[in-house]
Amino acid sequence: MIQEFSAALEMTDIFKILNINFAKNLQMENFKIIGISTETSNQNNQAAADLGKLWQRFFAEETASKIPNKENEDIYAIYTDYESDYTGRYTTIIGQQVSTLDNIPDGFVGREIKNERLIKYKAKGEMPHAVVDTWQEIWANDIALYRTYNADFEVYGEKSQQGSDSEVEIYIGVRS
């Protein structure tokens, strides 16, 4: 009986039952990014240390001013090259969207993020705590989300640095 009931549920129904905030069938165009990167893991708080250092480096070295062919001023944190799932190793790139990958500065990486079905979350509140809390919600629902683990990303736009009123968009790649 339970199998028959769950098989009849649409993904949107499952998300509603789990109270997951998402945008249905959200698709984005492919986009290119240039930035700096590190490899990390969520084990033993390693990501907190590694990503903190990467963000410090991004701002201390004025990375944004060195990225050519920017399409906007939003800052992206891309999570890709997953070893397995959120418990394994992965690469993080902090950078900006660009029109071409033809001119990648030394010490930087460039990637094209491929279009796929996405679920959009909004982290609201003091940063980085709001983002961390949202990721914990995502990880708690990992099986139900049916994630692709190709590339997930955060977008730090004009609302991302407004104290307790800050907002950061988080996009998670999911299977159809």
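**Salt bridges and nonpolar cores**

Nine salt bridges turn up in the structure, a salt bridge being a side-chain nitrogen of Lys or Arg within 4 Å of a carboxyl oxygen of Asp or Glu. The model is a predicted one, so local features need pLDDT of at least 70 and side-chain atom pairs count only at pLDDT 80 or more, while totals for chains, interfaces and linings use all residues. Residues are numbered from 1 along each chain as its sequence is written, and side-chain values use heavy atoms, with hydrogens and water left out.

One of the salt bridges joins the side chains of Asp81 and Arg111, at 2.7 Å from N to O. Asp81 sits in the loop between E3 and E4 and Arg111 in strand E5 (residues 109-113), so this pair ties together parts that lie 30 residues apart in sequence. Helices (H or I, at least four residues) and strands (E, at least two) are DSSP runs, numbered from the N terminus. With a relative accessible area of 40%, Asp81 is partly exposed, and Arg111, at 29%, is partly exposed as well. Here buried means under 20% relative accessible area, exposed over 50%, and partly exposed in between (1.4 Å probe, protein chains only).

Glu61 and Arg57 also pair up through their side chains, with 3.3 Å from N to O. Glu61 has 38% relative accessibility and counts as partly exposed; Arg57 comes out at 31% and is likewise partly exposed. In the salt bridge between Lys114 and Glu112, the closest N and O atoms are 3.8 Å apart. Lys114 is exposed, at 54% relative accessible area, whereas Glu112 is partly exposed, at 34%. Then there is a network of salt bridges, which links Asp142, Arg147 and Asp152.

Turning to the inside, the largest nonpolar core has 30 residues, and Val131 and Ile170 have the most contacts within it. A nonpolar core is a set of buried Ala, Val, Leu, Ile, Met, Phe, Trp, Tyr and Cys residues joined through side-chain atoms within 4.5 Å. At least two residues of this core come from each of strands E2 (31-41), E3 (75-80), E4 (89-98), E6 (117-124) and E8 (167-173), and from each of helices H3 (46-60) and H4 (129-140). Another core, of eleven residues, lies apart from this one, with Ile78, Ile93, Leu118 and Tyr171 among its members.

As for Ile170, its contacts (heavy atoms within 4.5 Å), leaving aside neighbours within four places in sequence, include Ile119, Tyr121, Val131, Trp135, Ile138 and Phe153. Lys120 and Glu154 are also in contact with Ile170.
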